[in-house]
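Trainee: I would like to learn how to read pockets, cavities, salt bridges and surface patches from a model. Can we go through them one by one?

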Amino acid sequence: TTLTRAITSSLDPVGGRLHPAMPHYKMTSAQLADLIAYLKQVGRESDNEIGVTDEAIKVGAVLPLSGSLAKIGEDIKSVLVASFADINRQGGIYGRRFELLVEDSGATSALTLEATRRLIDQGVFALVASFEPGDSGAIDELIKSKEIPLVGPLTLSPRLTLPPNPYIFYMFPTFADQVRTLVDFAHVTAQGKRARLGVVYSRNNFNQDALSGLRAQARMYAMEIVFEQEYEAGKLNVFEAVELLKTKHVSDVFFFGAATDFKDLAHEVDRVKLKTHLFSSVVMLGRGAFTLPASLSAQTFLPFPSALPNES
């Protein structure tokens, strides 16, 4: 090839050394032979990445298309289909169109693992927006062992490991990071006053992420958490909780749990006219955030994991 001739012509004919114009590089005869052998293979079909042809890029997504999360899975699938179709209409990526394969995760770790394995066996170049259950260790190890990138996993809070998995690319911050920004905000709004923090949470992995972020950031500012209450999801005694918050003189209440429980807590806070800030997460509450009493809007703060769209 032209590239091969260019490289070989730059070599000194004696000893396989590079031309004196490039004195900092030396190549042995064996290295030169290896280089030429490699260059002869460049461009052959066997040299292509898995899932990439001259015409298409094959990507896959594992989504909950059955079970309790089926509606979410179908919505994500519709978004992916529409997005890739739009890219394909514009000519694709360097002339290659996207081919999307979707497998049903069933919303469980075991079924998600099998669905991921099926997509990898079908030769996808990458996984995009795949569902990540709370226990995703085996799935992550499979992705790492097969060296298949997973871009933008579908998860409420990324499950980060140390060291990080080099083949998983999260798009949004964890609940822990979101809550740390809330503590930053509470510290600023305290304006030098001694903030008294309280937290109400139900026990699951995602809420534990949020709780760890609260505790870590509170320590950084020497802010005292004067009240903690763990409850079973759907069984929060809001009357008792609010009475204790009042007794402890809590200035900032952090809530990590279901939207219905937060709504009940907020209505009781409103009923007794408790002067406290309420902190939770838009991702945790979903549309439940719109059911809060209007009178609490000025004292309720909810982070969103990405920049909100600007309206012109």
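Mentor: Start with a lining and its classes. This is a predicted model. In the second largest pocket, the lining residues divide into five nonpolar, five polar and four charged.

Trainee: What volume does the second largest pocket have, and which residues lie nearest its centre?

Mentor: The volume of the second largest pocket is about 230 Å³. Its lining has 14 residues, and those nearest the centre are Asp140, Arg159, Thr161, Asn165 and Ile168.

Trainee: Which helix gives the most to the lining of the second largest pocket?

Mentor: That is helix α5, residues 137-146, with four residues.

Trainee: Now the largest pocket. What is its volume?

Mentor: About 1300 Å³. The lining of this largest pocket counts 36 residues, and Ile72, Leu154, Thr155, Leu156 and Val283 are the closest to its centre. Two elements give two or more residues to the lining: α3 (70-89) and α10 (282-285). The most comes from α3, with five residues.

Trainee: Next, cavities. How does a cavity differ from a pocket?

Mentor: A pocket is an open set of points, whereas in a cavity the probe fits but cannot get out. This structure holds two cavities of 30 Å³ or more.

Trainee: What volume does the largest cavity have, and which residues line it?

Mentor: Its volume is about 50 Å³. The largest cavity is lined by Thr116, Leu127, Ser130, Phe131, Glu132, Pro133, Ser136, Ile139, Asp140, Ile143 and Leu150. Helix α5 supplies the largest share of that lining, three residues. By class, six lining residues of the largest cavity are nonpolar, three polar and two charged. Look at Asp140 again: this residue lines the largest cavity, and Asp140 is also among the residues nearest the centre of the second largest pocket.

Trainee: And which residues line the second largest cavity?

Mentor: Phe175, Gln178, Val179, Leu182, Ala210, Phe256, Ser280, Ser281, Met284 and Pro303 do. The volume of the second largest cavity is about 30 Å³. Here α6 gives the largest share of the lining, four residues. The classes are seven nonpolar, three polar and no charged residues.

Trainee: Let us turn to salt bridges. What is the general idea?

Mentor: Side chains of opposite charge can pair when their charged atoms come close. The cut-off used here is 4 Å, from a side-chain nitrogen of Lys or Arg to a carboxyl oxygen of Asp or Glu. By this rule the structure has eight salt bridges.

Trainee: Show me a pair within one helix. How far apart are the closest N and O atoms of Lys71 and Asp75?

Mentor: They are 3.0 Å apart, and the pair forms a salt bridge. Lys71 and Asp75 are four residues apart in helix α3, so about one helical turn separates them. Lys71 counts as exposed because its relative accessibility is 58%. Asp75, at 39%, counts as partly exposed.

Trainee: Where do Glu268 and Arg271 lie?

Mentor: Both are in helix α9, residues 259-271. They are three residues apart, about one turn of the helix.

Trainee: Is Glu268 buried or exposed?

Mentor: Glu268 is buried, because its relative accessibility is 6% and the cut-off for buried is under 20%.

Trainee: Which elements hold Arg215 and Glu228?

Mentor: The two side chains meet in a salt bridge, 2.9 Å from N to O. Arg215 lies in helix α7 (residues 205-220) and Glu228 in strand β7 (residues 224-231), so the pair ties together parts 13 residues apart in sequence. Arg215 is partly exposed, at 31% relative accessible area. Glu228 is partly exposed too, at 39%.

Trainee: Last, the surface. Which residues make the nonpolar patch?

Mentor: Val151, Phe169, Met171 and Phe172 make a nonpolar surface patch of about 400 Å². Phe172 sits in the loop between β5 (168-169) and α6 (175-190). Phe172 counts as partly exposed because its relative accessibility is 46%. A patch residue needs over 30%.

Technical notes: Residues numbered from 1 in each chain as written. Predicted model: local features only at pLDDT ≥ 70, side-chain atom pairs only at ≥ 80, totals over all residues. Heavy atoms only, no water. Patch = residues over 30% accessible without salt bridge, like charges linked within 9 Å, V, L, I, M, F, W, Y side chains within 5 Å. Areas by Shrake-Rupley, 256 points an atom, 1.4 Å probe, with all protein chains shown as cover. Buried < 20%, exposed > 50% of the residue type's maximum accessible area, 1.4 Å probe, protein only. 1 Å grid on protein atoms, 1.4 Å probe; cavity = no way out; pocket = protein on both sides within 12 Å on 5 of 7 lines; lining within 4 Å. Points joined across faces, edges and corners; volume = space filled by probe spheres on them. Nonpolar A, V, L, I, M, F, W, Y, C, P; charged D, E, K, R; others polar.
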